[in-house]
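Q: Could you walk me through this structure with me asking as we go?

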Amino acid sequence: MLSFIVRRTFSSAVVLAAVSVLTFMIFEVIPSGDPAIRMAGQNATPETIAAIRRTWGFNRSIWHQYISMMQKVFTGNVISYTDQVNVVSQIERGLPVTLSLALGAIVLTIAFSLCLGMLGAVTSGRVTDRILMFLTLTGLSTPSYVIGAIALYLLAYRAQVLPSGGYVHFGTDPAAWFTHLLLPWLSLAIPISCLSSRVLRASLLDNVNEDFVRTARAKGLSRSRVLVRHVLRTSLIPLVSIWGLDFAGLLGGGAILIETVFNLHGVGQYAAESVAGLDVPSILVVTLYGAFAVVLLSAVVDVLYAALDPRVRLDG
Amino acid sequence: MLKRILKDRLALSCGLIFLIVAVLSLSAPLVAQYVAHTGPNDEHITATIGSGVHRRYVVSLVGVPIGPTWGPRFFLGADSNGRDILVRLLYGGRASLAVGFIAAAITLTLATILGVAAGFYRGWLDAVIVRILDLMWAYPVILLAIAIGTVLAVSGITIGPITIRAGSLLLPAIIIGIVHIPYVAKPVRGQVLVIRKREFIDATRVLGMSPRRIMIREVVPNVATSLAVFAPLMVANSILLEAGLSFLGVGVLPPNPSWGNMIGQGISLISVAPTGVLAPGLMLVAAVIGVNGFGEGVRRALDPHGRIRPR
Amino acid sequence: MWSLCMAVALLPLGVADAKGKAAHDMQGGTATVVLPSFESLDPQVGFSTINGEAEWNVYTPLLTVAHANGVAGTQVIPGLAIGLPKVTNRGKTYTLKLRKGLRFSNGQAVKASDFAFTVERALKLNWGGDSFLISDIKGALAYQSGKASSVSGITTNNATGRITIRLIQADSAFADILTFTGLGLVPSTTPMTAESTKLPAGVGAYVIKNVVPNQSFTLVKNPRFARFDLPGIPVGHLNEIQASVDTNPLTAEQDVLNNRIDVLDPNFAISPSLISTLQTQASGRYRSVPTEGVQYIFFNTKIAPFNHKSARVAVTEAFDRGAITRIEAGFLRPGCFVLPEEFPGRSTQPCPYGKVSAAPQVAKARALIQAAHLTGSPVTVWTQAASPYDAMGAYYVSVLDGIGFKATLKTISPAIYYPTTANPTLNIQTGLAAYYADYPDPTTFYHLLDARSITPTFSPNRDQLDDPKVQATLMRLGGQSLTPSVIAQWQKLDEYVAKQAYWLVMGYPKDPELFSNRIDVKETIFNQKYLSDWSSWQLVRR
């Protein structure tokens, strides 16, 4: 276990370092994306631009710039080029929103997948199962922002039963927090849970034929009881990794489209704004943050995997 | 295998759905020329249709486009630029499907090369490839794609002798194709590791085959089944990612239509012109259901125990 | 006699009434406003119109503009200075006197030297409008580039409150430049670094508090300010104004329409889907106001095909401004001259190439292109990847294709659009742009066609235009005050530029104003420079 942690930490650090270099490089080669010209504004004079270049060190070598940028990242002192705001504190501000969004979405996902997956397995081969198969196929084929847009139109604009977007802190008003996040949660949870419910169904049906299940059945337990009591635990193992990585994606700002559609000022929307603004410091930090979420949660998933399934060996 | 799919009614109906979407998309020029009499990017903002009391603006003075006429012109209505939604929908389908298939082809090709090379040679090559895959895996995909899309929208790109202009369909296809690589390359590598240990590779080695020949002759055919299972999945995912990127304005670039950018452009008008979002949304979902459903049929036929799973 | 008695009798009553009204005005209350975005609220950093709106009543400069609607709102009035500047030395020396007894919102006394510090801070922090300072004030460039420890052109005397500013050249717009909130005085003790949350103190009706960058902030009444009683500068009605950002215009507009938020910032573009609803359900609290800006298409006059006049004229002939008006949901006043309607120096002649509302002359345009042997020429149109510019670009491409060009559209991120298109090395043929007046003088627009704006790497003159006739006029008129004869010469130039079709002017924008039913809409002021005047907002008396 210890050696796993050491090896994993090392390889993660390598990956994160590579992510930072790659990001920096991509945005260094943008034609005329010169931040000095952008900062100087529409009425800039060449003198102003030259002065900005000096002050911000854009005239130095790219490696020099990279190293000084990374120093700022580690001291938490990265300043955005566009609005000269501390990037790390911006992400900290977006974090509660994104965390609420990701947690709610993953809770709903787990609930939906368990219900749909077990229902599918229990009714396997019957009409209910067939309908479910088609419904979940539709669900997993529908992008979350399409669900979000249609739900927004129907429930927020037309029926006006739910707010049309924005975020309320849980501490301020728990009920409003819930109603504001309900549509975004559903929009995210539907496609993911449709996918994982099918994996669960298949996994349940696979395991039903294992020996220990036959034994249980032979003891006279009902099919559904066996499914829930004995098979579910084993069948959940593959889902741990699916859910874990989806959660990592959402947490890391992957819900860009949903955060945009519902005007949630989370990490995702900040990421979208940074990229649209081609603002290197904030893109770099957001990307590192997202990659960190993925790297960390993949490691957690691997540990969980090993804990749940004795056949799996931890491999750095 | 074919027999199994032919018996799979769900897979067949999904295949049919996809076929209909594809045929409709391919017929776009015919519809444009003979039915709607307008191209996908032709604008009729200040035009009127109908005559007498039925005369209506295609786009009202405050910018609200006409709804479905259910007639030859503006069958599904117009968008805010006075373009025929049906015509754009069908042309958009060509773009979305083309990007989906090209991207999937790129993913499968590169992923196979990387996965097979890494798994077969092992050693430092494996270590490097695995690290690269880890990097791509951890890099926030959408951010990467938006970043590259934003950059290349300005300049296009030149790789060796090939120059791809900004606005070319190949750009989003390549971006999507690349970001999906680890999803396929990782399981392929895993499979190659297993195949490598089997005796027949040893046998071929004894027979004096070169490593490259072994790979092409013996290893690749053995991972072909997995690739066949991944292919539809990758097409579906690529279509979805293309739609997402175009929705954000960095995939298929305007004025050319794709389902994603039609949704993105129509979304602010959804309350007065819902077809602008619903039509491309439904086509997108139908196409993806078609590919996914058919793909599952392929999987059931080739891999009944669900062993092959992309990461 | 009778009337005198009545007057005397009424006098106390009148006073009581006025007091009652004042007391009521002071009652305040809280209102909310929704913004599409905002930059850093540090006055010496941000330069957007949205920032200006928020900062106008927080950071009062030496001079400011009148809190009034329409043209009256462009008038320069004293801010923290007593009276308007005394201009001597043939327009090259400005002398102002700081009002006595002023204090910043943090209690510190305001000194004349704070002005010099404010200018230095604006230069050091690369305030968005710093080029105005650099091109006008002596020693500003030397200070910004680190060659001098202070701005040599500014001398101040804290004892007398005298402030003298010496200019490099006469500039009739300099008084207007002094009205920018970027020159709103801050204490000399303010750190020389950009502040995003702990903003510098200022002198104004309000203080900005609780800043969450890119999300929200609050304007709170400055209790000290009412005492100064600055003539013409209101002390504000509301006690608190809570501003928040919504990047989705549709939800923002719905929120104000349904009275969940009190004010919609005029920088939002109204969605066409809401206009009929607004007209029926919010007629008394919704309107559109013309603003002094221009939306135009630039033609690079140095490269094919728009180095040919006939190519530019053909596009102008075939272009349908009605289409653009629709794309902008009616928020455009179509026009063909560089200067907006009612702007000083605007041409009085009819448009040279057909009426603005006339049907497009596609056949004529095709013939022109054919005659110039330009049919089939490739044209790349640049525009921003944001509504409505992407839609306008798509329309422009369809027009070019329709008259025989082979056009492609290049949409790029709004964040890099203006600097990118100002890069002469990219040889950009044509694109869409907009510009809003910084001050009521034609040079604010015409610097975009001035050959002096061209440098090898950066040229806001996107036409790369160097027309001797234009240049001669600009050299002659630059810096001159707008006497009738000067205005007549500007009109000639405006006419000439339209005839040469150097720009395809689409029109002049309108901004929306939408309030909730809690706001007394009749009392609100829309200023040409700072848009909605936040100090004019007050709650409806019930």
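This is a predicted model: local features need pLDDT of at least 70, side-chain atom pairs count only at pLDDT 80 or more; totals for chains, interfaces and linings use all residues.

Q: Which residue just after α12(C) takes a positive phi?
A: That is C:His373, whose phi is about 55°. Residues are numbered from 1 along each chain as its sequence is written, while chains are lettered from A and ligands numbered from 1 in the order in which they are written.

Q: And which residues of helix α12 of chain C are buried?
A: In this helix (residues 362-371), they are C:Ala365, C:Leu368 and C:Ile369, buried meaning that 20 or more other C-beta atoms lie within 10 Å of a residue's own, and exposed that 12 or fewer do, with C-beta atoms placed from the backbone. Seen down the axis of α12(C), these buried residues fall within an arc of 95°, so they line one face of the helix, the arc being that of the directions from the helix axis to the C-beta atoms.

Q: What's exposed on the other side of α12(C)?
A: C:Ala363 and C:Ala371 are exposed there.

Q: Switching topic, in what order do the four strands of the open sheet in chain C run?
A: The order is β4-β5-β7-β6, with antiparallel pairing, where two strands pair if DSSP finds at least two bridges between them. β4 (86-88) and β6 (154-157) of chain C are the edge strands, each pairing on one side only.

Q: How many bridges join β5 to β7 in chain C?
A: Five bridges join β5 (residues 93-97) to β7 (residues 162-166), and C:Thr93 stands opposite C:Arg166 in β7(C).

Notes:
Helices (H or I, at least four residues) and strands (E, at least two) are DSSP runs, numbered from the N terminus.
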